[in-house]
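Reader: Hey, could you walk me through this one? I've never looked at it before.

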Amino acid sequence: MAYLSVAAAVTAAVFIFEKSELRALQAEQRAEVNEVVEVLSRNIEIALTRKSVATAGVAQAVSLLPTISQDQFSAISRRIVETDASIVLMSLISDGRTTRVHPIEGNEFFVGRELRGSSAFVDAIGRARDRETGLVQGPMQLLSGAEGFIVLQPILLPQTSNQAGVEAPPAEHLGLLALVFATEPFFAEVGVMNVGEGYAVAIRNAVDSGSTTVFGPAALFDMDPELMRAAFPLGSWEVAVAPVGGWLSELPNPWPIRGMALLGTLFLMWVLRDFMGLREENKRVALRLKAAIDTIPDGFVLYDENDRLVVCNERYKEIYKKSAAAITPGASFRSILEYGLANGQYADAIGREKEWLKERLEQHRNDEAFVEQQLDDGRWMRIIEKVTPDGCRVGLRVDVTLIKQNERQLEEQNQRLSAALEAREKAEARFAELTEFSTEWYWEQDHEHRFTFFSDGFERATGIDPSRVLGKRRDDFSDRDPAALSESGAADVINAIEAREPFQNYIYSAVDVRNDEMWVRTSGKPIFGKDGSFQGYRGVAADVTKLYQAVQEAKLAGEAKTRFLSMVSHELRTPLTVLLGYNAFIANSTHLPSVAKLRQTVGHMDDSVLSAQLSAALDQIGSFARKIEVSGRQLLSIVSDLLDSTRMRSGDFRLEFSRVSPKNDLGSIVQHHRRLAEQKGLRLVSDISDVPLHADLTRLQQILSNLLGNAVKFTREGSVTVTGYMSDGMYRFEVRDTGIGMTEEDAKKVFEPFYQVDPTETRNHQGIGLGLAITKRLVQSHGGEISAESAPGQGSRFVFTMPIYELGHYRLRA
């Protein structure tokens, strides 16, 4: 019975011990997995929050700059991309197309790329447009072929209400900002790749209705894993971690325990349980310590009393990438340095490796070391090392690159400031020298507009002693009546002075010491104190009498020339019109009654020779008349151009605006030039959409006729094409030809009056170089623009725009 009792007690003790051991192992396993899932969740929250905040910040910046350029977008995005190794690129998306990308190097082909070909991108873009807070989508196959995630943030233009108490309308959707980051670097960043071979990890999107798995096997969520949610501004992910092979359900090897079980092991089992509890706590503390060290943003390292590596965080290895292979537990500090020197880790050691190693070891041996070190990639690290009471050495590596850059910028700014001060001193010296001999003079007024200073040039130019004028205001010695002031533009200057605004290049008449009239040009700028108070004016003046008189003489000569050209053009145009009218009768003499009667008389005479001679004479007269017609038309065109040019110069030029149908009202012009083109063996193709225009029909016909006429004249073979269509709120005409073309320099000058591209060509086609100049003036008078593109031997392309007619009004481009 006693043996049975002992056996029963031993059996019970073994059973209890095995169950206790199993629960301890299970709890330990759960604790270890829980620590891992906590670290991973926290790292994911930090990484995705940083990316979400960065994306929202850039989107906010872009909403303030709707027309942001590539350089502006790169300037905003550069810091974000450079400080996050997992980010592949950032881009702006509008209407399903990429418009801006950073970094642009190597990603040029993304700009303008259509994204609708990718169903994953289309789905993500559609979902993002329906949200105002953005979303994280992935993993997906990126356009580059790699796998990654994309953060899509809507770009909204806030709308504000103009009335109190009225709710603002919904924000206008401008597009999407996309932040793309690669899968592998991201999961390496958050530590997923470093959890160890004994753990299985799975991550899924907790926001999606389908709980999309973003990492690992989806089946892991059904294996009773440790779960933790990683929440971030644009959603949340659920992290699952479980041991590879599943949770422990029985002791791995219970037989040794059962063999050692004795009646007296109850006490030992109690002790063992306490020991197991302590071991579990130690592991938990170790895991917490490791997780804490790994979360330190700076590099952390601990060396033992023998200067051998005990532990370091991942940040320390990231800082010394080229030395990472040597940074292993047990490696000496010296061996790690030597490995780094051999691989070019330290920029400030290149060329002096032995001396640098000796200096660095001496610094390391100090009880407290404070060193700044430059790495091979240009970064600066501040090294802080201290000895612990047990002889170990703990160190931090803090990135102070930004501080160094600021110090360098401050030094450069100080140098620039010193240079500016030196330049100012030189300028002041030059100013003093110039004012000593210059005929210009400088003046100052106080806050009551009384003159307080004149430089020496004032007396040299006017002969007046400055003391006679100092202390006086302008109106104290101004005897000009208000009407004269208004006509001369002085009223504008007086208004500017009263408004304390600057004025420039005001020219007025004055008298010198000899009471002779002189013309003075002056400019002034208000002076304000540091507190914003008005202090007066400071300006410069000069005697421009000779220049003013020369300008007036040139102006009078120009007006005389304009009147002469206008008179001559008008006087020539009237007889030319009459001449061409009568010439039309000569060209068609067979229709004249006298000629018809003569032909009838000759016919009655039944003289075939005389009849043939009469027909030959009439044909010759018609040929001469047609030549007179061509030359007369050319001369009339030149006279008309001269008359239009003089009217534009004199301002006697008006437009009669009306509603114009380009397809119907310009059809006759196109058809006329089509006949001219066909006579030369050319094709004239037209494609003009019918959008109502607000224009002067006669002048619009003149513009199109000039451009089509030039295209036909200067095209030997091929075709002439005229098109019309809407573009950017304006109606756009294009006239293209396959003619002789012209150089880029000629294309820039072709709209200048009297400019001719090639005298040898233009002589063959007549003209004095006014047609395109008048055409440009007519286009600009309508509120449009005109330009030319061409290359020698490749034809020319002329483009001009006209305002459209909308509900009885016309619209010009802002």
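This is a predicted model: local features need pLDDT of at least 70, side-chain atom pairs count only at pLDDT 80 or more; totals for chains, interfaces and linings use all residues.

Reader: Okay, sheet then. How many strands form it, and in what order?

Author: Five strands make an open sheet, ordered 2-1-5-4-3, and the pairing is antiparallel.

Reader: Which strands stand at the edges?

Author: Strand 2 and strand 3. Each has a single partner strand, so one side of each is left without a neighbour in the sheet. Neighbouring strands here are turned by 30 degrees against each other on average, ignoring direction.

Reader: What do strands of a sheet pair through, anyway?

Author: Backbone hydrogen bonds, and the pairing can be parallel or antiparallel.

Reader: Let's zoom in on strand 4. Is it largely enclosed or left open by the rest of the structure?

Author: Strand 4 covers residues 147–157, and eight of its 11 residues are buried, so the rest of the structure largely encloses it. For a residue, buried means under 20% relative accessible area.

Reader: And how many bridges join strand 4 to strand 5?

Author: There are 10 bridges between them, and the two run antiparallel. Strand 5 spans residues 172–182. Among the bridge partners, I155 goes with G175 of strand 5, and P154 goes with L176 of strand 5.

Reader: What about strand 3 and strand 4, how many bridges there?

Author: Five, again in the antiparallel sense, with strand 3 covering residues 135–141. One of the pairs is L135 with L152 of strand 4.

Reader: Which strands does helix 2 lie across?

Author: Helix 2, residues 70–83, lies across strand 1 (87–94), strand 2 and strand 5. Its direction is at about 60 degrees to strand 2.

Reader: Switching topic: where does E114 lie?

Author: In the loop between strand 2 (97–102) and helix 3 (119–129).

Reader: What does E114 touch, leaving out residues up to four places away in sequence?

Author: G96 and R97. R97 is 17 residues away from E114 along the chain, yet their C-alpha atoms are separated by 4.7 Å.

Reader: So why does E114 count as partly exposed?

Author: Because its relative accessibility is 31%, and partly exposed runs from the 20% limit for buried up to the 50% limit for exposed.

Reader: Last one. Which residues form that nonpolar patch on the surface?

Author: F370, I384 and L396, with about 250 Å² of accessible area together. L396 sits in strand 14, residues 393–399, and counts as partly exposed at 31% relative accessibility.

Key. Residues are numbered from 1 along each chain as its sequence is written. Side-chain values use heavy atoms; hydrogens and water are left out. Helices (H or I, at least four residues) and strands (E, at least two) are DSSP runs, numbered from the N terminus. Buried means under 20% relative accessible area, exposed over 50%, partly exposed in between (1.4 Å probe, protein chains only). Contact means heavy atoms within 4.5 Å. Two strands pair if DSSP finds at least two bridges between them. Axes are lines fitted to C-alpha atoms, for helices over the stretch in contact, and angles run from 0 to 180 degrees between N-to-C directions. Patches are made of residues with over 30% relative accessible area and no salt bridge: like charges are joined within 9 Å, nonpolar side chains (Val, Leu, Ile, Met, Phe, Trp, Tyr) within 5 Å. Accessible areas come from the Shrake-Rupley method with a 1.4 Å probe; for residues, only the protein chains shown count as cover. A salt bridge is a side-chain nitrogen of Lys or Arg within 4 Å of a carboxyl oxygen of Asp or Glu.
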